[in-house]
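Thanks for coming. Please have a look at the model before I start.

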Amino acid sequence: MRVEELASAHEVSVDTVRYYQKIGLLHPPARQGRMARYDDSHVRRLGEIRRLSAAGFSLAQIRQLGDGGDDPMLMALGARRGDTLTFDELVQQSGLDEELVRLATDTGLVRPLRTSAGGADDGPEAASGADEGVTGGTLYSAGALTMLRAATELLAAEMPLDDLIGLALRHASNMEAVAADAVGLFADRFADVPTAQRADLAARLIPLVTDLVAQHFRESLVEHATERILAGDIDDEPASSDAMATETPNARSAGDSGRRTSAGLRTRTAVTLECRELSGELDPLAVFAASDAHQRVYWACPDGDLEFCALGSAFDAIAGAGADRFASVADTLSLLDVTMTGDSGHPIGPLAVGGFSFRPEAPAAGSVWEPFGAGCLTVPEVLVVRRGGQSWLTSVPGAPVWPVMAASRSGVGGTCATCGAADGSGVCGLAAAAGAPDAACARDDTIVRGDTGDDLTGTAAGSLADPELEAGPASDLNAAALAVLGGSYRADDRYTELVRRALGRIAEGGLDKVVTARELHIASGLEPIAVLDRLRSRYPSCVTFAFGRGSQTFFGATPEQLVHCDGLRLQTDALAGSGPRVGDPARDRELAAELQRDPKELTEHAMVVTDVRDTLRACGAALDPPSPTGVMELRRIMHLHTPISGRVPAGTTALDLASALHPTAAVAGLPRRVARDWISEHEGFERGWYAAPVGWTTLDGRGEFRVALRCALTGPSETRLFAGGGIVEGADPDAELTETNIKLEALLYALEGD
């Protein structure tokens, strides 16, 4: 039978069947050509899974029961029934005094599973114990015994009984609130579901909350204990931050995650940042254009009302190669202490900006990606933020701010706080801070000197800061590169063959989807400033970005949000399944409708939605009800788009979520590891930061990471453009090549004006 028939037999979705197969609950189907075929064994196994789920067993527990043999339902329920104890058995097996067990029961630390009605069959023990809250018919779970045995060991270690009970009661009180929230969440989510189905859902899903909360508590406890031990904190008094760490003032780098001194103490770094609210709007792209800093970042999200430029490095959190590179960066950032001085009210506060490579391994030595590494988040020396009609400058004391002064000369608006001119943007007074105390105003057409001693005349500053670059060598460079390329990129036999190999691998089984990509070479460097200016105006719903490392610049305009985290709220997008957009409203409506009916595109999109939601739930997120799938329309392409939002546990950061989500099924495939390994073996080029997380985070964990798509890496003599597409069963190689061409054209057409 087909997968649709199997799903219908047990009234579940096709996505659910495929998810069970992905996590190993259902064995792979047989293959007849390219068609997957399911048999009676799949029907029987799916029925077992559904019955056990309805009885409250987690998917992990069901997996442990295996497939076939005796009825797993009876085996599981029999094990559960045999796993209970009476009060007397609980006392005897715990080894504790009966009064201590009664105390634990009366305070609610140990809870009975059920209590009989106290009828005649209960006997005299039930009656005698009723007044004390314990009856002969009371049963306790094996978990109660585990708790009491743990208490026995703690008491044997001379832990104070009163303090232990107080700690347990605090935990119990907090868990009551969590349990109430969990039940409320289920009640809200399934309010419109019939009562019988609600009971089945509760029996299946609510026990998963226990697994989630218990594991989080255990890991948090171990983490805090480890921190104290590694810090050498074995005294009676709680360790202060001063006792746990040494300080390094204004250090420029702390790249080795979790560094230790010879005394075993973690090295902390103190950075002071001066904040100034500018009197008008300053264009961050103009600052980016004016700078020659080795590290520079530009970020613009017009629809999100955020644009910034980050220059230099006050502190680097450099990722070590390996699967824990996100955690290593987070650990290093935790060693940073930032003090803000100057104006208050900064819209987002100190930022760490940067990105990660697609693969956990560091780029090969000598490759074009080597300057970018496996990942890095940087607290910049100079940060210019434009938001809500205002601009802010944050900088390390003594940092070179002459690019900001130069940008202020480009006539972007605002009133100078020093001279009152309409085009000063409020930064003329920065001349003194830049090392030119005699230059009272940046409007002065005589020489303004930065701290490097470079001469910035009015003409030079204006040209450096002009983001349009409509004339001159830079525009000629972009036009020449486009002319040399012509239409040669539209044919790529190597890529269509790659798609065919991917389809062959999918047909073998064990790989549901793989994202194949291509790299387009141009034997010329580009000037990205003009391209960035066009991208931010043409794609306001996307994030236009640029990361400069020396002579290399990685830039683009990505529509795909990996995660946005603001406190306890998260937002992400499932973006997969693409089609062309021609610019004619009537025709585009037809194309959008066709895209929403296309079986191949819908299958690809459903895989991404399921993968993202499952991953976020595993992180402890309480997701909002599913949103309908719509279409995101961009200039020349449209995508199936499903927004996903929810709440995350306290302490969860944007970096945590980015680590869990990357690489999504939208840029790697499913299963993730199988797809990623296939890509490494067959794709034929190094992705670097392409299709990987780039973005920013505040030091308290808020932030946004995007997937680096519609992008290019350019250097002095060569440019590489990247594009890819998701391959699932039924994909057509020629159509996939056309899709990559449309994606490449997002950048190619930005090399020239409208």
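In which strand is Ser645 found? The answer is β24, which covers residues 637-647. Bear in mind that this is a predicted model.

Is Ser645 buried or exposed? Its relative accessibility is 17%, and the cut-off for buried is under 20%, so Ser645 counts as buried. As for its surroundings, leaving aside residues up to four places away in sequence, Ser645 touches Arg569, Leu570, Gln571, Leu623 and Asp624. With Asp624 there is also a polar contact between the side chains, at 2.6 Å.

Now the cavities. How many cavities of 30 Å³ or more does the structure hold? There are seven. I will cover two of them.

The largest cavity has about 250 Å³ of space. Its lining is made up of 22 residues, and those nearest the centre are Ala666, Leu709, Arg710, Gly724 and Lys743. Three elements that each give at least two residues to this lining are β21 (569-580), β29 (719-728) and α25 (733-748). The largest share is from β29, with five residues. By class, the lining of the largest cavity has 10 nonpolar, six polar and six charged residues.

The second largest cavity comes to about 80 Å³. Among its lining residues are Tyr539, Cys542, Ala557 and a run of Leu634, Arg635, Arg636 and Ile637. Arg710 and Lys743 also line the second largest cavity, and both were named for the centre of the largest cavity. Which helix gives the largest share of the lining here? That is α25, with four residues. The classes in this lining are seven nonpolar and five charged, with no polar residues.

Of its 26 lining residues, Val3, Arg18, Thr603, Met607 and Glu729 are the closest to the centre. Where does the lining come from? Elements supplying at least two residues each include the helices α1 (3-9), α2 (14-22) and α22 (599-618), along with the strand β2 (35-37). The lining of this pocket divides into 13 nonpolar, nine charged and four polar residues.

To go back over the main points: Ser645 counts as buried and has a side-chain polar contact with Asp624. The largest cavity takes its largest share of lining from β29, and the second largest cavity from α25. That is what I have for today.

Technical notes
Residues numbered from 1 in each chain as written. Predicted model: local features only at pLDDT ≥ 70, side-chain atom pairs only at ≥ 80, totals over all residues. Heavy atoms only, no water. 1 Å grid on protein atoms, 1.4 Å probe; cavity = no way out; pocket = protein on both sides within 12 Å on 5 of 7 lines; lining within 4 Å. Nonpolar A, V, L, I, M, F, W, Y, C, P; charged D, E, K, R; others polar. Points joined across faces, edges and corners; volume = space filled by probe spheres on them. Buried < 20%, exposed > 50% of the residue type's maximum accessible area, 1.4 Å probe, protein only. Polar contact = N/O pair within 3.5 Å; in protein donor to acceptor, adjacent residues only side chain to side chain. Contact = heavy atoms within 4.5 Å.
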